[in-house]
Amino acid sequence: MDKPDNFAYYIKSIMNSDLIDVHLLNPLSLPKKNSIQALITLVKVIKNINPDILYLDNLQGLNKLVVLKRIGILKCKIVAWKYTYCKEYSNTIKNWCTKFFYWKGIDKIYMMFDNHTHHALTHNIVKAHQITTLSRGAEIEWYQKYLKPQKDNFLVMATGKDSRDYQTLSEACEQTRTNCHIITRRHESNIKVAEKFKNSQYIKFTFMEDLHIDNEYEYIMQQQGQASILAIPCEKKKYGVGYTNVVEALPYHIPILMTHNPDIHIDLEKEGIGYLIEPYDVKTWKEKIIYLKQHPEVIEEMSKQAKKLTEKEYNAKTTASYIVNDFIQIAK
C-alpha cells in the first residue's frame, strides 16, 4: 500500500472499490517442503476462499493453476498480466496442447504490448474476448512528491536494471559533456561500462547493491525527480523492453529518449513526449541530447504533452476503473 498503484497492478484501487471484495494471497508465504506440497497447499487455500476471479500479476510459477482449472479442480476465472509473447512450439502435439488446453484456461490476459496481442490473435492462440492491451496508468500524485527538477543542471538519468545498453548512453553523454546518472544493478555488462567510465566527470553509476537500503524503489524515484530527461537505452531484444520506465517517467512530465522497439505500447514521437533512437546509435543519442539542451522550449512542450497523456489515459484511476469493470463482466 506504500507503493504507487501501478507498482502493484492496481490492487490499491481495486481494494478501495465498493464493487469488489479482495483477498490478498502470497503463495511464497505458504508452508511447503517441496513444489508439489506447495501447489497442494496453494490450491486448498484458493478453494477455501472460493473466489470468482483469481487475479495474477504474472504467470511465472503459477502456470499449473491454469492447468488445474482446465481439469476442473479450480472453478474460478483467471485473469493475468503478461509481458511477453504467448509461446508457441515447433512440436505439433505440444503446440496443440498449449493452444487448445492451456490458453483456454485463462479468461483474460492483460497484455502490455500491442504486437504481443496481435500475435496471439492472428496465430489463433486466444480469442478476442480473452485478451486486451491495457495501458499501464501511473498514480501521478505518488510520484510528484519527488519532483525536484534542477534548472541549473541539465541531467540525463537512466534507471533500468537489465537488457540495457549503457555503453551507448555513456559515450553520448561523455562526448556531449552532459551529466548522466545511471542507477542500476551489478550485471556483468553494467559493471564493465561503469569501470570504463569510472574517471569521467560526467558519468556516474550507482549500483543498488552498494546502498544497502530497504526502500530501493522510493530511492530510485526520488532520484528520477531531479532529471531533465529520462534515458532508456536498451539492448536489441525480440520483446518489449523499457515500458515500465516510460510509465514511471510520465508523472514527472520529462522528455524520454529511448531505444526504438516496435513492441512498446506507447509511441513517444507520436505522442510528442520524446524521441526513439535506433539500437547502438551513439551519433543520434548525441544529437538528441544536444538538441534538448539547446531548446528548453521543446522540453517545455514535451512536458505539456506528457501531462495531457497522464490526465487522459496513463493514470492509475483510468486503468484501475477498467480492470474493476472488466472483473464485473468476467464474473457474470
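**Entry 1: salt bridges**

I began with the side chains of aspartate 210 and arginine 186, which meet in a salt bridge at 2.9 Å, N to O. I counted as a salt bridge a side-chain nitrogen of Lys or Arg within 4 Å of a carboxyl oxygen of Asp or Glu. The model is predicted: local features need pLDDT of at least 70, side-chain atom pairs count only at pLDDT 80 or more, and totals for chains, interfaces and linings use all residues. Residues are numbered from 1 along each chain as its sequence is written, and side-chain values use heavy atoms, with hydrogens and water left out.

I then placed the two partners. Aspartate 210 sits in the loop between strand E7 (203-207) and helix H9 (216-224), and arginine 186 in the loop between strand E6 (179-184) and helix H8 (188-196), so their bridge ties together parts that are 24 residues apart in sequence. Helices (H or I, at least four residues) and strands (E, at least two) are DSSP runs, numbered from the N terminus. Aspartate 210 is partly exposed at 41% relative accessible area, and arginine 186 is partly exposed at 39%. The classes are buried under 20%, exposed over 50% and partly exposed in between (1.4 Å probe, protein chains only).

I found 9 salt bridges in the structure. One of them joins lysine 99 to glutamate 88, with the closest N and O atoms 3.6 Å apart. Lysine 99 belongs to helix H4 (residues 92-102) and glutamate 88 to the loop between strand E2 (77-82) and H4, so this pair links parts 11 residues apart in sequence. Lysine 99 is buried at 15%, whereas glutamate 88 is partly exposed at 29%.

I also looked up lysine 192 and glutamate 188, a salt bridge with closest N and O atoms 3.6 Å apart. Both lie in helix H8, 4 residues apart, about one turn of the helix. Lysine 192 is exposed at 55%, and glutamate 188 is exposed at 58%.

**Entry 2: cysteines**

I searched the whole structure for disulfides (cysteine sulfur atoms within 2.5 Å) and got 0. Cysteine 173 is in no disulfide, the nearest cysteine sulfur being that of cysteine 180, 3.9 Å away. Cysteine 173 is buried, with a relative accessible area of 0%. For cysteine 86, the closest cysteine sulfur is in cysteine 97 at 16 Å, too far for a bond. Cysteine 86 is buried as well, at 1%.

**Entry 3: nonpolar cores**

I took a nonpolar core as a set of buried Ala, Val, Leu, Ile, Met, Phe, Trp, Tyr and Cys residues joined through side-chain atoms within 4.5 Å. The largest has 52 residues, and those with the most contacts inside it are Tyr55, Trp81, Ile266, Ile323 and Phe327. Helix H14 (residues 316-331) gives the most to this core, with 6 residues. Not counting residues up to four places away in sequence, phenylalanine 327 touches Ile14, Ile20, Ile53, Tyr55, Val79 and Tyr110, where contact means heavy atoms within 4.5 Å. A second, separate core of 27 residues includes Leu169, Tyr202, Val282 and Ile299.

**Entry 4: valine 298**

I located valine 298 in helix H13 (residues 296-312). Valine 298 is buried at 15%. Beyond its neighbours within four places in sequence, valine 298 is in contact with Tyr275, Tyr291 and Leu292.
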